[in-house]
Amino acid sequence: MLRPITPALHHDVLRMGQLISLVINYIDVAGPFNNRGVDQLEAFERTGELSALNEGILLFRQAAYLTPHGHAEMPGRLNNLGGSFIRRFERTGELSDISDAIAVLQTAINLTPQDHANLSIMLSNLGGALTCCFIRTGELSDISDAITIQQKAVDLTPVGHAELPSHLTNLANSLTHRFVQTGEYSDIVDAIEIQQKAVDLTPQSHPNLPAMLNILGGSYTYRFERKGELSDIAYAIEVRQKAVDLSQEGHANLPDYLSNLGNSLTCRFERTGDLSDIADAIALQQKGVNLTPQGHSNLPAMLENLGGSFSCRFERTGELSDLEEAIAAERKAVDLTSLGHANLPGRLSNLGYSLTCRFERTGELLDNTEAIAVRQKAVQLVPQNHANLPSYLNNLGNSFIRRFEQTGELADIANAIAFQREAVDRTPQGHADLPGRLNNLGGSFTCRFQRTGEVSDIADAIAVGQKAVDLTPQGHAGLPAMVETLGVSFYHLFISSGELGDLHKTLSCYKAAATSTAGPPRTKLSAARRWASTLIQHRPESPDIITAFDAALGLLAIIAGLEQTVKGRYTQLGSTSGLALEAAAAACALERADKAMEWLEQGRCLVWNQLNQLRTPLDNLRIHDQDLAQDIANVSKQLEHIGSSRVQSRTDMSLSQKISLEDEARVHLGLAKKWDALLRKARAIPGFESFLMPLPCSTIMLHLPRSGPTIIIIVDQRRCDSLALLTELDEPLHIPLPNFSIEKANKYRSILDSQLRARQLRAREVEVLASTGNDLPLRAIRSVPVGKRGEDPPVHRVLRGLWEEVVKPVLDALGFSRIDHTEIPPRVWWCPTGPLSFLPLHAAGIYRGSDTVSVFDYVVSSYTPTVNAITDRVKNHGPGDDTASGLFLTSQPSVKGVSPIPGTTSEVRSIFEQAMNAGVRVQKLEGDEMSVADCIARMQDFSSVHLACHGSQNAAEPLQSRFLFHQGPLELGTILKSNLKNAELAFLSACQTSTGQEELSDEAVHLAAGMLAAGYRRVIGTMWSIGDAPAQQVATAFYEYLFSRRNGTTGATFDDTLSAVALHHATQQLRLTLDNSERSLLTWIPFVHFGL
């Protein structure tokens, strides 16, 4: 607390009458300069305007210059000048200012009698100047001198004196800074006691109270970081929030208070993992940076704080944009910090941390190389007795271990262990960071043991890892990671020793980490997967396998929670792909087909399932609690909208734009929390205990379609199985597929993909086959002769493998037989998983030689991304609005930037004419006639829609997958936000509308699944690009079949429940015009049916 001294504070009675006139003359000259200087200093304190401070310094200089030597006012004038130098140093960081401040203040004290009333003020200010110098240079003698001087100022100040709180605050602040450097615990204890006394002595309306509260909060935060007591950080946040609340907008210190409050929130987030804390921290710190002028000496610290919070959030969410923001802020903080500044080592180390994180995420070795370089520099620059040196050493070791994991260089692991061991040795017992440093050292010992087999390393790993766990309090967010690391060490010891006791300890650690009530969900998921895989490998009959996978699957929805954007959720799920399949395969091995199906439904297509939950009918709940049902409906709409519309910040955005996006993210997080609270309230109602929870197998089996089985194909590394769901059974029928494997699935997919690329089947083209023109006569399907060596061409090989190894065994197990082509085959719904999702099960068969056979000879095939996607449609089928029945068609033949598809015009016109002749309600809009808004309006007015256009799939942003129109694209996200109450059938006569993404094979990231999510009960899509002419032929034959079978319908409607059979018929008609060559097969196979 800096205190200017005014004449009123030290007015002396001058006894020498002969000097009175001289004093009056002097005051007339110097007094106004000093007074105006005080005014300018106070203006700076209010506004932060540097020009006011500069003007104040000039005025104080002039006042001191004009004050005669030995005059009673001289010490006060010098004190004011010294205080102004301190303020300018705090703003600009100019080291000469703090040197001048110390010199001027020391002179003021030397000129002041020991019994002078203002001596304590000058001493306290000098102590503050020395503390500022220490913060900049790290010179320990400066902070020791500061504390001695400030203690003297306190001792000279009587109880009840107005300046006592200020002197106490300065002393507490200096003690805190010495604690940060030396780690001497008594310093932070004393600082808190002294600062609390200062706050208690300060009136609520005092202008210095916010600063005192801010410093008190900092001391409590530091003690929390040392001891880990949650009550300390809670109180720190409380008092720092009060400091912010008491500061008016425009106050010069408000940016500091905002940034520091953010720091305390970040500290609590690191302990508890509460996302609202880190979201609030980032918002506060962004505002603090935004309010801080360029060139302000505090700006680097604020940028450092902001970067640290972004890094913390990245650890939890994995959102790469957070890491980019962290690196940008921390790099700027480093660039703005001069060489020799005491805080430069910390800023370098923090930048190194974020660079290491990006290396771990992207694999870019240059990032980790830079991380090691900046962290080495941090270690070199920091004094050997600095309290933060252990942290910098630990961080440097972490960067070396990351590089070792990629390069395998033993020198790197040796360096890592050396630095981490030194960090542990330098960390005092009882320090809150000691467990984390022990954990890192243990992990490095384990890494070296894996490479060298040196038994002493694994023994050391377990010893330090156990100590880390023992020192960490229950409920600490870092505990699960430490327990998992210890489990990994025990596992490697078990592999080396074969001792079952070590295996038991391994499993105990993994279980404890996976089922912990605290900790990041991703950490707990990692532990759960290790738990399950270790059981499968070493105790394959253990019932704990079910418990482990239950824990793992339950964490998926948390990791990809509703507080994230749709893109963010898909990003999170990218690294968990295959978990549901791994669990289902384990369940099949344990003869738990019911669990296998439950886990598949819980862990696949998670984002679409979340969207479906947000759209769940609430009729039953309304009967019990209408207000609650309405609250859920309102929040669900808001969540759906913000999840699909909110954009992520980019480093090239302005800070104001980033602040706006963070505010929106906080709203999003608040909605997700409110949603969870509403669900808990609903589940407290008798009869709604399982409201919107994953369904048990018995409930799913109640609403299967009656016209045929739903068949799930499970493809996993360990085994492949099929689950057949039939209405007459209480649980799935398990059909093992011993002759199929994930290696075969990947091989078939690779073969098919290479053939599609070779034939450039990536967009709807004017012609794919010269032989598909409508002028050619219909011909019977002709088989292709077997080659000389009997080898199938690539596509035939894929289709034969799928037939013999997957489809035929399933059909045989279910008792299907080949039927006459004059009959309508029974229905089957395929639900493939993993790489099989990209392969055409509906076309599996043998197409060469005399004995050809295929799925078409047995069943009518449909697909479903999940079982729930079908059962929901069976369960929620009600009478539609007859006024909306009908067909809307559009053709978009000439979109800029893509190849023309003129056949779409004749396709739509032909279907339109068919509909008119059949008396079906129909409307068409072609090309420029239709805007995106027009299309949405027609989709709301018509139960069925036919889109003849180009399609574009966006794997990175699934909701930005789109249909390309003349007047702009229609994005899937726009369709999802529309209220399509009467949606029945969507025919997507576009390319690749059911092609998924390899990294998210279990998420059904394609347009056809998106249209199902939008509410359509039946969707026709394509697995790859289609030719213009074949598309016309299939579409017209499809509608001809539907329109000619309107016997059971009334008015201007048609029976879209026949859509699967109609597509089967239309595809057969196209096949009749082709032979069975590779090119011909690729022409008719892509057309697929989804839904009922």
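**Close-up 1. Strands β8 and β9.** L889 stands opposite K924 in β9. Strand β8 (residues 887-891) and strand β9 (residues 922-926) pair in the parallel sense over five bridges; pairing takes at least two DSSP bridges between two strands. From β8 the chain crosses through helix α36 (residues 903-918) to β9, and this β-α-β crossover is right-handed. Right-handed means that, with the strands pointing away from the viewer, the path from the first strand over the helix to the second runs clockwise. Helices (H or I, at least four residues) and strands (E, at least two) are DSSP runs, numbered from the N terminus.

This is a predicted model: local features need pLDDT of at least 70, side-chain atom pairs count only at pLDDT 80 or more, and totals for chains, interfaces and linings use all residues. Residues are numbered from 1 along each chain as its sequence is written, and side-chain values use heavy atoms, without hydrogens and water.

**Close-up 2. Helix α10.** The 17 residues of helix α10 (residues 230-246) should span 24 Å at 1.5 Å a residue, and the end C-alpha atoms are 25 Å apart, which agrees. The expected span is 1.5 Å times one less than the number of residues. Buried residues of α10 include D232, I233 and R240; buried means under 20% relative accessible area (1.4 Å probe, protein chains only). Their cover includes α9 (209-227) and α11 (254-272).

**Close-up 3. The largest nonpolar core.** This core has 207 residues. A nonpolar core is a set of buried Ala, Val, Leu, Ile, Met, Phe, Trp, Tyr and Cys residues joined through side-chain atoms within 4.5 Å. Helix α24 (residues 544-559) gives the most to it, with 10 residues.

Definitions and conventions:
Buried means under 20% relative accessible area, exposed over 50%, partly exposed in between (1.4 Å probe, protein chains only). Contact means heavy atoms within 4.5 Å.
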